[in-house]
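Please find below a colleague's note on the structure.

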Amino acid sequence: MKNNKDFDFIKNEFEKENITAPDTLSEDAARDMLEGKEQKKIRLYQTRTFKSIVSAAACIAIVITALAVSRPYFVTKENVVDTDSSQQVLNSFASINDVKSAVKKIERQNMDHYFYFDKGAMVDEVAEDMAVTSSAAGSTSYAQTYKQVDAVDEGDIIKNDGRYIYSLDSRLNKIRIYNSDAEFVSLIEDFKHDYSNILGDEYIVDMYVYKDFLVVNTNKSVYENDDYENSVGTYIYDISDISKPNEISSFSQSGYYTSSRMIGSQLYVVSNDYIYSNQCKDDSDYIPYVCEGKNGEKEPLKLDDICYAVNPSTASYLVVSSIDIETGKKSSDTKALFGAGADIYCNENNMYVCMNEANGLIDSLSYAPTETKLCIVKIKLDKNDIQFTATGEVVGNTNDQFSMDEKDGNLRIATTSYDKDGEEINNLFVLNENLEKIGEVTGFAKTESIKAVRFIGDMAYVITYEQTDPLFVIDLSNPESPQIKGEVEITGFSSLLVPIDENTLLGIGFSTEDGFDMEITNGLKLALFDISNPEKPQVLDSIAMKNTDSDAQYNHHALVVNTDKGYYAIPYNNHDNLRKGAITFKIQDGKIVITNDFIASSPDYENISRCTYIDDTMYLLSDSANIYIFNVK
């Protein structure tokens, strides 16, 4: 800011967008607010969720930050949701005008939105991702989806109920159903493409099987009147007659599919609904909606069911609905959180959502935020209600859903953030049931970032990476004073950590090699760690498969664990010889022993994306839902 004329221009711009600057705001006041705050540079390529920002808006962004400090969004005593919380940061909107002001304020903060409002071009990044169960129907043993919490199911592109295998053909957008002999039984092809995108597209994302019900989640987009409308569809099929799956109910909510969880018969569907003011033709366009049935009317959410945290950084809603699969009806009012969210952790009682905050100043040289703040919102899940019950804040960003875990009412969360020099550092925080910080260990593994986390009881195991793969062992037995007990290094890095027993941990991830000026990944790697002595963890064994990748490196659902037979299985695709298949391996005497290498005679264009088993039969499934059958020795 060079003079009051420049400052007046910025205030006028606020008024054009219906954002009222406080009367007490002046150039000198803004300077006082900003005084003493060090400018920290963050390299652009380091920022995991970085939004591109242009220099022409830097001064406006700074003043917006100052406004956020002096006047949080529409906070009044009347609209504070959590009146027992000293933070009082969960609020509901008082009017539709408040919603409009919030949307436009964030659009000015995020300059990618300011210059390019294209709802149809927005691609939602979802990072999805602990414990494995093996169930029996009579004497049948079969694989279930690898998930983070035993009692909380997660959607995937294949499902196995011990009788039938349900597989998504991602190329043709159909679901193929096979019996245990790998014989084709039936096909669900209700989701059509209009490749011209005039009428819209609907893509299957994942599915669930619960009793005699198949649940299919989709992303839908419709192009109409020069605008895209995006929604998530949930369809429930009666599969009691497996030869004729019958759709019995459907439900949709606005936004892009983010994630879902199933607890018993309750399905929780989460979407991100992005709002762009220049595409809003009336007040209802600023509010997320739900719709029951194919021909049902859109129902905008009530303002009382929409909350927001202080300083959200995204003009979007996280929309959460609860559906009873057995009745096909909503179990409670759909709720929304303004500011959206990325990684989600969910157990039987609570869901935790991470969302970036618009805190920190803008560095006018690098156009990067000087600090990354993460707001965590706690959502209580009840069959008849969804409640936003607490919020907290930490620095940094999470890697994926495994970065969070709840124990004894405390949330443990691992993040990567930046120090004053813009270098990456890593942290682990412990928050109580009100999401107040009670313990932390910060600043470890400088210049590296977190690639995998696993919480097991009172211990946390954290993988970071830049050139080597350190495994840090962190003792959380005293939640108020977490302690790093030990560490060990290995080349490459793990992206998924799997407990084998109380003394052994398996890492699935990437092998690496030296590149021109940096280390690069070159294949699949399995690593075995001895964690019996927290102060001296050791590498027991490792196997590298060069020029090979596996969906298990990116998605934990691709891992299969047979607890009855004691083996693990992952699909793979070798790019040297175009060999595709799956390996099974066991952990024996501190070694990783490959017991089977199943090679699929699949076409070159296919990849093997999943494997599963029923009793002694292994099934390999391609991304075209072709199935290959093998006997497990």
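The numbered points cover the basis of the model, then each topic in turn.

1. Basis. This is a predicted model, in which local features need pLDDT of at least 70 and side-chain atom pairs count only at pLDDT 80 or more, while totals for chains, interfaces and linings use all residues. Residues are numbered from 1 along each chain as its sequence is written, and side-chain values use heavy atoms, with hydrogens and water left out.

2. Arg176. This residue is found in strand β6 (residues 174-179); strands (E, at least two residues) are DSSP runs, numbered from the N terminus. Arg176 counts as buried because its relative accessibility is 17%, where buried means under 20% relative accessible area (1.4 Å probe, protein chains only).

3. Surroundings of Arg176. Its side chain makes a polar contact with the side chain of Asp169 at 3.1 Å; a polar contact is a pair of N or O atoms within 3.5 Å, of which one must be able to donate a hydrogen and the other to accept it. Beyond four places in sequence, the residues in contact (heavy atoms within 4.5 Å) with Arg176 include Phe184, Leu187, Ser624 and Ala625.

4. Strand β29. In β29 (residues 459-465), 7 of 7 residues are buried. Met459, Tyr461, Ile463 and Tyr465 lie on one side, and Ala460, Val462 and Thr464 on the other.

5. Partners of β29. Strands pair if DSSP finds at least two bridges between them. β28 (residues 449-456) pairs with β29 in the antiparallel sense over 7 bridges, and β30 (residues 468-475) is joined to β29, also antiparallel, by 5 bridges. Tyr461 is the bridge partner of Arg454 and has Val473 as its bridge partner in β30.

Terms used: Helices (H or I, at least four residues) and strands (E, at least two) are DSSP runs, numbered from the N terminus. Buried means under 20% relative accessible area, exposed over 50%, partly exposed in between (1.4 Å probe, protein chains only).
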